[in-house]
Each structure stands twice: as structure tokens, then as C-alpha cells.
Amino acid sequence: MSFHALNRRTFLQTATAGAAATLFASKFSWAAGEHKIDKLGVQLYTVRDLMKDDFEGTIAKVAQVGYKEVEFAGYFGRTGQQVKAVLDKNGLTAPSTHVQYDELDEKFPSVIETSKEIGLQYVICPWIPEEQRKSPDIWKQASEKFNKCGEQCNKAGLKFGYHNHWFEFLPVNGKLPYDELLKMCDPKLVVMEMDLCWITAAGSDPVKYFKKYPGRFQLVHVKDIKKLPKVSEAGGQNFGDSLKELTSVGGGIIDWKRIFSSSDTAGIKHYIVEHDKPENPIENITASYQYLEKLRW
């Protein structure tokens with residue numbers, strides 16, 4: 001073998017080893033904290049009081065903070081086309097909306113029509129009223145209703161989902177309602193929008209659910225809590241309305257890096273900031289945005 005051939009082989013071996021080392025370092029670097037949220041969203045329920053007085057101006061302020069997506073919780077008398085125009089004007093998209101439980105029957109075709117006009121991808125039921133949860137077979141009823149809504153949404157090119165509070169993680173007759181929903185809802189028809197704060201407040205672990213039901217959590221609500229509340233029964237939203245424990249994202253006790261490290265397993269596509277009743281809504285969503293925009297895991 002010539003000296004030139006030997007040098008060539010040595011060079012190629014060195015180059016190959018160097019490339020492998022670079023690739024390994026790149027992968028390790030990603031694992032060490034290079035993953036981030038591409039498009040942050042906000043649930044407009046957070047700024048609902050502002051929207052009552054100034055619908056367009058409030059959405060403009062949300063866009064100015066830096067958010068690229070919004071999730072609706074009512075349109076304040078606007079048509080789907082009017083809502084779409086406001087979004088387009090501010091460079092926003094709306095992947096989802098919240099629709100009340102009593103709108104999932106006769107009113108649902110109209111819900112789908114409006115959702116398509118706006119350009120939504122998901123229609124989400126945000127909760128089941130306390131009075132109806134007193135029914136002994138409510139979770140079976142709800143699952144059947146959700147599956148039917150999912151069928152209608154799929155035919156229209158949309159997806160249907162359910163958003164939890166904390167009561168779904170508290171035992172009812174020895175069973176967790178959230179587990180029952182996951183078992184009875186067809187994963188092809190119903191996705192889950194997991195509220196990461198409420199599951200934490202109930203003492204459960206979102207990562208365990210991500211691992212047990214991979215790919216079923218395409219949307220998550222991101223909000224933080226200063227301390228765990230005393231939650232002992234599946235009652236009304238009294239904790240959620242007192243809100244002294246809630247704070248901007250990053251200002252509480254939730255380990256976001258740990259949770260988001262399982263994002264791929266969970267199937268998360270949309271990260272949606274929310275605070276149920278902030279004292280200063282714009283200030284709150286700004287602080288949450290600034291924290292999450294810099295977060296790496």
C-alpha cells in the first residue's frame with residue numbers, strides 16, 4: 001500500500017470518527033436542553049374580561065406579546081368569518097376552541113360550521129357541569145357523546161377532544177373518571193387536552209399518563225401553581241375560582257422540563273398558556289410567554 005493510500009485511509013478514518021463524534025455531541029446537546037416550544041398559544045379565557053369590552057384590541061395585544069396561536073372560549077357575538085378576519089389581521093392562527101357540554105347535541109352541527117369558517121383543527125369540551133356529574137353513569141354517557149362528536153368532527157375534517165379539571169383524578173366508586181374516559185373514548189375519535197396544572201393539583205402525574213397512553217394528548221394547558229391545594233372530593237370548581245394559588249408559568253412549583261421532556265411520547269402539538277382569573281391578564285400572559293419562550297429541555 002502506498003504512502004498516499006495510507007494517508008487517505010487515515011484521513012477517512014479520522015474524518016468518520018470526527019463526524020460520529022460531532023453527531024453524538026449534537027444528539028447529546030439536544031438531550032441536554034435544545035428542545036423548545038415552536039409556537040406558543042394562549043387560551044383566551046384568560047383575557048375574557050378584556051375581550052368583552054375590546055374584542056379586536058385584546059387579540060391584538062395577545063399577538064403583540066409574541067403568541068402565535070390562540071384558543072377560543074366564546075366569540076362574543078362575532079361570526080366565524082369576523083373572527084377569522086381578526087386572526088388574519090394579527091398574524092394568528094386558532095387551532096382550537098372550547099365548547100360547552102350542552103352544545104354537543106342539537107347545536108353541534110352549527111359548532112362545526114363555525115369552527116370550519118375560523119379554520120380550527122380541534123373542538124374541545126372544557127368540562128362537565130357539577131350537576132350532571134352527579135349522575136351515576138355520567139362518564140359512560142360522556143364517553144358515548146364524545147365518540148359521536150368525534151365522528152362528526154372527523155367527517156368535517158376536524159378533531160374532537162376533552163379538557164380535564166382536577167375532579168377527573170379523584171376516585172368515584174373506586175375508579176378514576178379520567179381513566180374511564182381514556183378507556184371508553186375511541187382514540188381515533190377523541191383526543192385529550194390535558195390541563196397540566198389541574199392534574200398536578202389533584203396529586204396525579206401527567207408523565208405517567210403520557211407513557212401509558214402515548215400519542216393521545218395533542219394539546220396541553222400550561223399554567224402554574226404556587227402550592228398544592230387541599231383537594232379531597234370531586235366537587236365544583238371552588239379551588240379554580242379562588243385562584244390565590246395560581247401564578248404565571250414559571251412562577252410556581254411545576255417541573256416543566258420534566259413534563260415537556262415527554263412531549264414526543266404524549267404527542268403534544270399545541271402548548272396553550274392559561275390562567276383562570278389573573279389580576280392583570282396581559283401582564284400574566286406576558287410573564288408566561290417570556291418564561292416559556294426561553295425554556296429548553
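## Close-up views of a predicted barrel model

**View 1. The barrel.** 8 strands close into a barrel in the order E1-E2-E3-E4-E5-E6-E7-E10, and the pairing is parallel. From one strand to the next, the twist averages 30°. Angles run from 0 to 180 degrees between N-to-C directions, and axes are lines fitted to C-alpha atoms, for helices over the stretch in contact. Two strands pair if DSSP finds at least two bridges between them. Strands (E, at least two residues) and helices (H or I, at least four) are DSSP runs, numbered from the N terminus. This is a predicted model, where local features need pLDDT of at least 70, side-chain atom pairs count only at pLDDT 80 or more, and totals for chains, interfaces and linings use all residues. Residues are numbered from 1 along each chain as its sequence is written, and side-chain values use heavy atoms, with hydrogens and water left out.

**View 2. The whole chain.** The chain holds 14 helices and 10 strands. Of its 297 residues, 52% are buried. Buried means under 20% relative accessible area, exposed means over 50%, and partly exposed lies in between (1.4 Å probe, protein chains only). Take the contacts between residues at least 6 apart in sequence: 81% join residues at least 24 apart. Contact means heavy atoms within 4.5 Å.

**View 3. Strand E7 and its partners.** Strand E7 covers residues 219-222. Leu-219 and His-221 point one way, Val-220 and Val-222 the other way, and all are buried. E6 and E7 pair in the parallel sense over 3 bridges. Here Met-194 stands opposite Val-220. E7 also pairs with strand E10 (residues 270-273), in the parallel sense, over 4 bridges. Leu-219 stands opposite His-270 in E10. Helix H14 (residues 281-294) lies across E1, E7 and E10, running at about 155° to E1.

**View 4. Helix H7.** This helix covers residues 138-155. Its 18 residues should span 26 Å at 1.5 Å a residue, and its end C-alpha atoms are 26 Å apart, which agrees. The expected span is 1.5 Å times one less than the number of residues. Among the buried residues of H7 are Trp-139, Phe-146, Cys-149 and Cys-153. The buried residues pack against several elements, including helix H5 (108-118), strand E4 (122-125) and helix H8 (177-184). Just after H7, Gly-157 takes a positive phi of about 80°.

**View 5. The nonpolar cores.** A nonpolar core is a set of buried Ala, Val, Leu, Ile, Met, Phe, Trp, Tyr and Cys residues joined through side-chain atoms within 4.5 Å. The largest has 84 residues, of which Phe-72, Phe-146, Phe-160, Phe-217 and Phe-260 touch the most other members. H7 gives the most to this core, with 6 residues. A second, separate core of 5 residues includes Ile-124, Val-191, Leu-219 and Ile-272.

**View 6. Around Phe-217.** Leave aside its neighbours within four places in sequence. Phe-217 is then in contact with residues including Tyr-178, Leu-182, Met-192, Met-194 and Ile-268.

**View 7. Asp-88 in helix H4.** Asp-88 is found in helix H4 (residues 80-89). Asp-88 counts as partly exposed because its relative accessibility is 48%. Asp-88 and Ile-118 are 30 residues apart in sequence and 10.0 Å apart in space, C-alpha to C-alpha.
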